[in-house]
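Dear colleague,

I am passing the structure on to you below, together with an account of what was found in it. Please read the notes with the model open beside them.

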Amino acid sequence: MALTPPPAPIVATLACEGCGAPLQLRAPGRSVVIACGACGAVLDAQSADHRVVARYEAKRTVTPRIPLGSRGTLKGEPWEVIGYLVRKTKVSGITYSWFEYLLHDATGGVRWLVEYGGHWTLTKATAAVASTRGEREAEYLGERYRHFQTATAEVAHVVGEFPWQVRAGDKAVVEDYVNPPLVLSRERTKDESTWSIGEYVDGDTIWKAFGLPGAPPERTGVGAAQPSPYRPHSWTMVRLLAAFVGLALLVHLSFLGLSQQGLVLEADWRYHPKAPATSSVESAPFTLTGRTSNVMVEISTTLVQSWAYFTLTLVNEDTGAVRTFGREVQYYFGRDGDGSWTEGAPWDRAWLPSVPAGRYVLVVEPEGPGPMTYRVRLTRDVPRPLWLWLAVGLLILPPLVFWWRQWRFEQRRWQDSDHSRSVFTSDDDE
Amino acid sequence: MRSAPGLTTARSTKTVTCPACGAPARFTSAQSLLSVCTYCRATLIRRDLAVEQVGTMAALLEDASPLQLGAEGSWRGIHFAVIGRLQVRWESGSWNEWYCAFDDGRAGWLGDAGGEYSVSFPTSVTEPLPAWESLEPGARITLGGIDYEVTDLRQAEVVGGEGELPMRVEAGWKTTSADLRTDTARFATLDYGDGDTPCLYAGELVPLEDLALRGLREPDRWR
């Protein structure tokens with residue numbers, strides 16, 4: 001805040017030729033017309049007699065939310081509000097209105113503050129023209145903008161002064177292209193084609209800048225140029241995910257490297273349901289070494305169109321501790337109306353966790369309808385990839401939620417555009 | 001209307017005496033054809049060694065342009081002085097074309113419309129210039145190998161002039177012009193005057209601060 005108040009604005013006061021209401025001319029010399037908000041008369045601001053040059057029907061007094069004459073600093077530059085337009089467009093029978101405030105500065109610079117649904121943009125005319133690429137894209141100063149909407153805008157109300165002849169009922173075709181927080185617009189009339197560029201501004205920022213009482217109008221939906229709160233973090237999310245997955249992979253690989261993965265038992269047995277001696281076999285003793293870790297148990301069989309159930313018991317010969325577990329192997333295949341099918345496999349793999357070091361024997365008790373030969377392999381200390389997959393699955397959850405929200409946000413932005421459906425395929429393209 | 005053929009001529013300030021009031025009047029640029037007396041607004045035209053009063057210039061509209069006669073600046077490193085002014089009025093307002101003498105001997109125009117400034121010079125191109133009727137806002141045309149967009153079509157009327165100008169000017173003269181722009185802020189005007197053959201002025205749009213102007217009017221407003 002400046003310590004000394006700025007000098008009072010030089011204003012010329014005049015009475016409306018239409019209704020006698022007092023009007024203030026804030027940019028004498030620059031303004032071409034001044035419109036009375038009370039009666040809808042548009043006066044010539046340049047002639048001494050301020051004759052009425054146009055008149056529109058004002059059913060009620062139009063009161064801008066930001067009063068004319070308000071002054072404030074936006075983006076580091078001081079501005080004064082001198083004019084106000086209500087514009088409207090009709091899309092499939094529904095009338096939409098938005099509000100445009102004309103700002104000027106001491107050197108004749110001009111900006112627009114545009115409000116629609118509580119979303120604001122600070123807009124200025126561009127010196128260069130933008131180039132359109134087909135109907136869906138425009139390029140300006142090397143940046144690309146996606147087409148948002150094309151509508152015929154009509155001036156519904158005019159209040160205050162303007163450096164050109166503005167009239168209620170004036171029509172222009174407005175094309176908007178967005179690249180949040182920027183919006184590039186083209187307005188075409190029968191004699192003009194002008195480009196302007198606007199930047200999204202928070203209502204609160206404007207209220208603070210102009211020292212307005214109360215709160216800015218509530219925001220509805222997502223504004224066309226409203227910056228996505230997700231977008232700046234999108235890459236961070238990808239990087240974080242990549243980092244954590246990489247870390248999980250590293251942990252898995254280091255476990256792989258540190259683990260013994262030593263084959264401690266490999267035995268072949270035969271089973272016949274009618275030979276009782278084959279229904280319980282015992283392996284030669286073997287030794288498990290190292291820290292307490294897992295044992296991978298693999299059973300491969302000669303089963304075809306059949307099943308077998310194995311009860312396996314790991315007996316610690318030193319302590320007498322016993323671990324018993326069961327595995328089922330079944331393998332069927334065939335061909336039906338849908339083609340060939342298979343079910344199960346003639347082999348099985350399981351992990352027995354937390355097995356201490358010691359001397360062991362394995363007792364195998366198979367059951368099944370037919371004869372088979374089978375091989376049992378025990379491998380000490382094999383890291384399970386399951387943990388890696390679990391970790392990746394959990395790690396991907398937060399980004400998935402994030403991307404879903406980001407997608408929803410863009411959906412809401414584009415639902416008011418001419419392209420509310422096409423967003424599904426090209427939501428985030430650069 | 002703004003026809004000023006001949007691109008480069010040496011500067012040769014010449015002071016004459018206004019035949020109407022006796023005040024000194026100047027012809028700074030050799031390309032200046034007309035000078036408006038600062039004191040009595042007599043319109044003076046140079047004829048060989050003498051000057052002749054051909055009329056009286058109408059008063060200009062009071063506007064808020066920061067420019068004025070005698071202001072100096074620099075464009076692309078070339079110093080220039082504002083020596084004349086043409087004020088034009090159209091349906092929706094007025095603008096100024098400031099006639100400037102550049103130190104490289106050229107004379108050009110500094111356009112001042114609605115807070116946008118342009119510098120342009122009379123230019124000839126190999127392409128045929130389009131007919132007025134064929135122009136449409138938003139259309140693209142190529143002139144001098146440059147791809148322009150038609151941004152503005154307007155019919156206007158001369159309010160008046162002051163200082164030196166390269167052509168005869170009278171209040172009320174009608175003029176028709178089209179403004180063109182490129183995507184790199186190049187700028188051109190096709191001036192159809194009141195005839196069919198347009199004159200082309202080509203240049204660029206420049207932010208006022210890039211012109212390093214001195215001798216501007218004191219802003220009579222806040223800030």
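For the helix packing described first, the axes are lines fitted to C-alpha atoms over the stretch in contact, and the angles run from 0 to 180 degrees between N-to-C directions. Please keep in mind throughout that this is a predicted model.

With that convention, helix α2 of chain A (residues 231-258) packs against helix α3 of chain A (residues 385-414) at an angle of about 175 degrees, and their axes are 9 Å apart. Since angles over 145 degrees count as roughly antiparallel, α2(A) and α3(A) are therefore roughly antiparallel to each other. On the side of α2(A), the residues that meet α3(A) include M237(A), L241(A), F244(A), V245(A) and L249(A), while among those that α3(A) contributes are W387(A), L388(A), L395(A), I396(A) and F402(A). By class, this contact has 15 nonpolar, three polar and one charged residues.

Turning to chain A as a whole, three helices and 26 strands are found in it. Its radius of gyration is 39 Å, well over the 22 Å that the globule rule gives for 430 residues, so chain A is more spread out than a compact globule. The box filled by its C-alpha atoms, taken along the principal axes, is roughly 125 × 60 × 40 Å. Of the 430 residues in chain A, 27% are buried, and among its contacts with a separation of 6 or more, 61% are accounted for by residues 24 or more positions apart.

The domain assignment divides chain A into domain 1 (12-227), domain 2 (232-254 + 387-424) and domain 3 (260-382). The centres of domain 1 and domain 2 of chain A, taken over C-alpha atoms, are separated by 39 Å, and the contact takes seven residues from domain 1 and six residues from domain 2. On the domain 1 side of that contact, the residues divide into three nonpolar, four polar and no charged.

A35(A) has its place in strand β3 of chain A (residues 33-35), and A35(A) is buried, with 32 other C-beta atoms within 10 Å. Leaving aside residues up to four places away in sequence, A35(A) touches V42(A), V158(A), V159(A) and G160(A).

For chain B, the domain assignment gives domain 1 (11-56) and domain 2 (80-211), with 25 Å between their centres, taken over C-alpha atoms. The contact between these domains takes twelve residues from domain 1 of chain B and 14 residues from domain 2 of chain B. On the domain 1 side, the elements that give two or more residues are β2 (24-29) and β3 (34-36) of chain B, and by class that side has five nonpolar, six polar and one charged residues.

Finally, there is the contact of chain A with chain B, to which each chain gives 30 residues. The side of chain A that touches chain B has, by class, 16 nonpolar, nine polar and five charged residues.

With kind regards

Methods: Residues numbered from 1 in each chain as written. Chains lettered and ligands numbered in written order. Predicted model: local features only at pLDDT ≥ 70, side-chain atom pairs only at ≥ 80, totals over all residues. Helix = DSSP H or I, 4+ residues; strand = E, 2+ residues; numbered from the N terminus. Buried ≥ 20, exposed ≤ 12 C-beta atoms within 10 Å, placed from the backbone. Contact = placed C-beta atoms within 7 Å. Rg over C-alpha atoms; globule rule 2.2 N^0.38 Å. Nonpolar A, V, L, I, M, F, W, Y, C, P; charged D, E, K, R; others polar. Parallel < 35°, antiparallel > 145°, perpendicular 65-115°, else oblique. Domains from an automatic or database assignment.
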